[in-house]
Amino acid sequence: MILLFGSAALPRTPHRVTALPPAFVPPPILMYHRVDVDRPADPVGRELTISPGQFTDQLAYLKSRGITGISMEQLRERLESGAPLDHVVVLTFDDGYADQYSYALPLLRRFHDDATFYVVTGTLGEPRHLSWPQLLAMRAFGEDIAAHGVEHEDLSLMSNAQQAAQIDDSVRVLRRRLRAAVTSYGYPSGRFNRVTLQLVQHAGVDLAVTTDRRYVIAPENRFELSRVRVRSGWTTAEFAQALRSALERAQIVHR
C-alpha cells in the first residue's frame with residue numbers, strides 16, 4: 001500500500017496486530033443518536049431523536065426474532081474467534097449525548113443487549129453531553145466506548161496532520177481515561193478519504209464506520225463499514241424493513 005502522507009503526519013499510537021479474517025460479511029450496523037422523552041424543536045434535533053418507547057419497541061422486535069444487539073467490540077471478537085454473525089445486529093450511538101446514559105443504557109440492560117457509544121472527546125462534560133463519570137459507569141456495565149474525534153468535524157476536509165490529531169488524540173485520551181481498549185472509530189458525518197483510512201489503521205483501531213455507502217471507496221474494507229441510520233419517525237414495521245434491506249444489501253468487506 002502506498003502511503004499518501006509523510007511519516008511525520010502519522011499518529012503516535014502503534015498499530016495492533018489482529019487476527020481478523022481476510023474477508024467477511026458484517027451484520028447490519030444500526031446508527032442511533034439520541035433517545036429522549038423530549039423532542040427537540042429544531043428539525044435536525046428531531047430527526048436524530050427517538051423516544052424511549054420507540055427504542056423499547058425496536059429492542060423488543062429484535063428479541064422476538066431471536067436477534068441480539070452487540071457492540072463493535074463484540075463484533076471484532078466474533079470475527080477474531082470465527083463465531084457466527086447470524087442473529088445479531090450491531091447497535092451504535094453517535095456524539096455522546098447525555099440521554100444515552102439516562103434512557104438508552106437502562107433499556108439496553110433491560111433487554112440484555114450491548115452497544116458501542118462513539119463519543120466526541122472535546123464535548124464530554126458539556127451541557128446535554130456525557131461526562132467522564134458516566135462513561136466509566138457505562139464501561140462498568142460492559143458497554144463499548146469508542147472514538148468519534150476530538151471535535152465533530154469533517155475529516156475529509158482536513159489536512160493530513162489535522163486528521164491525525166483528531167483521530168489519534170481522541171483514541172489516546174479514551175484509552176488513558178477509561179483504561180480500556182478502543183478498537184473502532186466512527187467518522188463524524190460519515191465522511192473520510194483515503195488518508196483517513198490509513199490514519200485510523202495506524203491509530204491501532206481494528207474497525208471503523210461511516211453512515212452509508214455513498215462514502216465508501218471500492219473495494220470496501222473494515223475501515224469503511226456502512227451503517228443504517230435509524231429514523232425518528234419509523235414505525236416498528238419500517239424498522240423491520242430497514243433491517244431486511246440491510247441484510248439484502250450485505251456485501252463482503254476485506255481486511
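**Figure 1. Helix H3 and the glycine that comes after it.** In this predicted model, helix H3 is followed by Gly-82, a residue whose phi is positive, near 80 degrees. The helix itself spans residues 72–81, and its buried residues are Met-72, Glu-73, Leu-75, Arg-76 and Leu-79. These residues lie on the same side of H3, because they cover an arc of only 155 degrees around the axis.

**Figure 2. Two histidines in loops.** Most residues other than glycine have a negative phi. His-87, although it is not a glycine, has a positive phi of about 60 degrees, and this residue lies in the loop that runs between H3 and strand E6 (88–94). His-112 is likewise a residue other than glycine with a positive phi, near 60 degrees, and its place is in the loop between helix H4 (99–111) and strand E7 (116–119). His-112 counts as exposed because its relative accessibility is 63%, where the cut-off for exposed is over 50%.

**Figure 3. The largest pocket and its lining.** The largest pocket has a volume of about 430 Å³, and of the 22 residues that line this pocket, Met-31, Thr-211, Asp-212, Arg-229 and Arg-231 are the closest to its centre. Strand E11 (228–229) and helix H8 (236–249) each supply at least two residues of the lining, and H8 gives the most, with three residues. Sorted by class, the lining of the largest pocket holds nine charged, seven polar and six nonpolar residues.

**Figure 4. The nonpolar cores.** The largest nonpolar core is made up of 58 residues, and those with the most contacts inside it are Phe-55, Leu-135 and Tyr-185. Helix H6 (residues 160–178) provides the largest share of this core, namely six residues.

**Figure 5. The protein chain as a whole, for orientation.** The protein chain has eight helices and twelve strands, and 55% of its 255 residues are buried. Taken along the principal axes, the C-alpha atoms fill a box of roughly 50 × 40 × 35 Å. The radius of gyration of the protein chain is 17 Å, which agrees with the value near 18 Å that a compact globule with 255 residues would have.

Conventions: Residues numbered from 1 in each chain as written. Predicted model: local features only at pLDDT ≥ 70, side-chain atom pairs only at ≥ 80, totals over all residues. Heavy atoms only, no water. 1 Å grid on protein atoms, 1.4 Å probe; cavity = no way out; pocket = protein on both sides within 12 Å on 5 of 7 lines; lining within 4 Å. Points joined across faces, edges and corners; volume = space filled by probe spheres on them. Helix = DSSP H or I, 4+ residues; strand = E, 2+ residues; numbered from the N terminus. Nonpolar A, V, L, I, M, F, W, Y, C, P; charged D, E, K, R; others polar. Core = buried A, V, L, I, M, F, W, Y, C linked by side-chain atoms within 4.5 Å. Buried < 20%, exposed > 50% of the residue type's maximum accessible area, 1.4 Å probe, protein only. Arc of directions from axis to C-beta. Rg over C-alpha atoms; globule rule 2.2 N^0.38 Å.
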